[in-house]
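Here are my notes for you, written as numbered points. Keep the model open while you read and look up each residue as it comes along.

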Amino acid sequence: MLEHEGLELEWLGYATLRLEAVGTVVYLDPGRYGVLDGYDGGDGNLVCVSHDHHYDTDAIRRVADNAATVVVFEGINTHRIDRNVERPADLPYEVRDVDAESDIAVGDAIIRTTAAYNDPDGSHVRPSGEPYHPKGRGCGFHVTLDGVSVYWPGDTDVLAGHEHLDVDVFCPPIGGTFTMDRHEAADLAEAMDPELVVPIHYDTFPEIETDAEAFAADLRERGVAVELDG
């Protein structure tokens, strides 16, 4: 677990990030690939889910408290999911849909969303040429708790406008293949100039294995503060 300006951050594996400040607990994309096996949650006031691949209702139930709000990208379609999941409407929580340009308040948290997708002309595409994450199928989350902003961009390439976001803590995916890789994430972090970088979405399975220590060393050489959690 890491701490920055009174905000606690914990990367639980894969894309799952836990944030806590002033009594509010936020989970981003909880679950998948066993990252929550044995995890004792039940404290989440707010659970955010970015797209189909990270929609895991067993994990949502594991981390959410009884009065939680679940914020889901509106494009999540359970008919496209080849796993046993519940519809968002059937979850026993308040469910709020967001698009890729939302700005909402949930309790003490301010949630803004951004587009998240792979460039069809880029390198993060299937052998057929189709992007792993087509435009319009997911989002990133910019979360502000107690005045500290955390940007978790989701499964995405570096997109135009990312570098202009006002961010205190930047949590980029660095595994490549399906998202920006560590080199692209480092360039973006340098351009954004956050107070701290905490990478996520790497080493869960072979396709996203990367050298996180090299990523951290690269940023430190550029004068960007970075910490690895895990």
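This is a predicted model: local features need pLDDT of at least 70, side-chain atom pairs count only at pLDDT 80 or more; totals for chains, interfaces and linings use all residues.

**Notes on the model**

1. You'll find Asp203 in the loop between β13 and α3. Its phi is positive, near 65°, and Asp203 is a residue other than glycine.

2. Now try Tyr14, in the loop between β2 (7-13) and β3 (16-21). Is Tyr14 buried or exposed? It's buried, because its relative accessible area is 2% and the cut-off for buried is under 20%. Tyr14 isn't a glycine either, yet its phi is positive, about 50°.

3. One more loop residue: Thr179 sits between β12 and α2. Its relative accessible area is 0%, so Thr179 counts as buried. What does Thr179 contact, leaving aside neighbours within four places in sequence? The answer is Asn118, His124, Asp155, Thr156, Asp157, Pro173, Glu184 and His201.

4. Next, have a look at strand β5 (residues 44-49). Five of its six residues are buried, so β5 is largely enclosed by the rest of the structure. On one pairing, three bridges link β5 with strand β4 (residues 24-28), and these two run parallel. On another, five bridges link β5 with strand β6 (residues 64-73), again running parallel.

5. On to the open sheet. How many strands form it, and in what order? There are six, in the order β8-β9-β10-β11-β12-β13, with mixed pairing. At the edges stand β8 (103-106) and β13 (196-197); each has a single partner strand, so one side of each is left without a neighbour in the sheet. Within this sheet, strand β11 (residues 148-152) and strand β12 (residues 169-170) pair in the parallel sense over two bridges. Tyr151 is the residue that stands opposite Phe170 in β12.

6. Then there's the largest nonpolar core, which has 74 residues. Which of them touch the most other members? They are Leu17, Leu19, Ile111 and Phe141. As for where the core residues come from, β6 gives the largest share, six residues. Take Ile111 as an example: not counting residues up to four places away in sequence, Ile111 touches Leu46, Cys48, Ser102, Asp103, Ile104, Val106, Phe141, His142 and Val143. Notice that Leu46, the residue from point 4, turns up among these contacts.

7. If you're wondering about the spacing, an α-helix has 3.6 residues a turn, so residues three or four places apart point the same way. Now check the two ends. Asp181 caps the N-terminal end, with a side-chain oxygen 3.1 Å from the backbone nitrogen of His183. After α2 comes Asp193, with a positive phi near 55°.

8. What are its buried residues? They are Ala212, Phe215, Ala216, Asp218 and Leu219. Looking down the axis of α3, you'd see these within an arc of 160°, so they line one face of the helix. They pack against α2 and β13. The face turned away from the buried side carries the exposed residues Glu213 and Glu221. The N-terminal end of α3 is capped by Asp211, which has a side-chain oxygen 3.2 Å from the backbone nitrogen of Glu213. Just after α3, Gly223 takes a positive phi of about 85°.

Terms used
Residues are numbered from 1 along each chain as its sequence is written. Side-chain values use heavy atoms; hydrogens and water are left out. Buried means under 20% relative accessible area, exposed over 50%, partly exposed in between (1.4 Å probe, protein chains only). Helices (H or I, at least four residues) and strands (E, at least two) are DSSP runs, numbered from the N terminus. Two strands pair if DSSP finds at least two bridges between them. A nonpolar core is a set of buried Ala, Val, Leu, Ile, Met, Phe, Trp, Tyr and Cys residues joined through side-chain atoms within 4.5 Å. Contact means heavy atoms within 4.5 Å. A polar contact is a pair of N or O atoms within 3.5 Å; within protein, one must be able to donate a hydrogen and the other to accept it, and residues adjacent in sequence count only if both atoms are side-chain atoms. The arc is that of the directions from the helix axis to the C-beta atoms.
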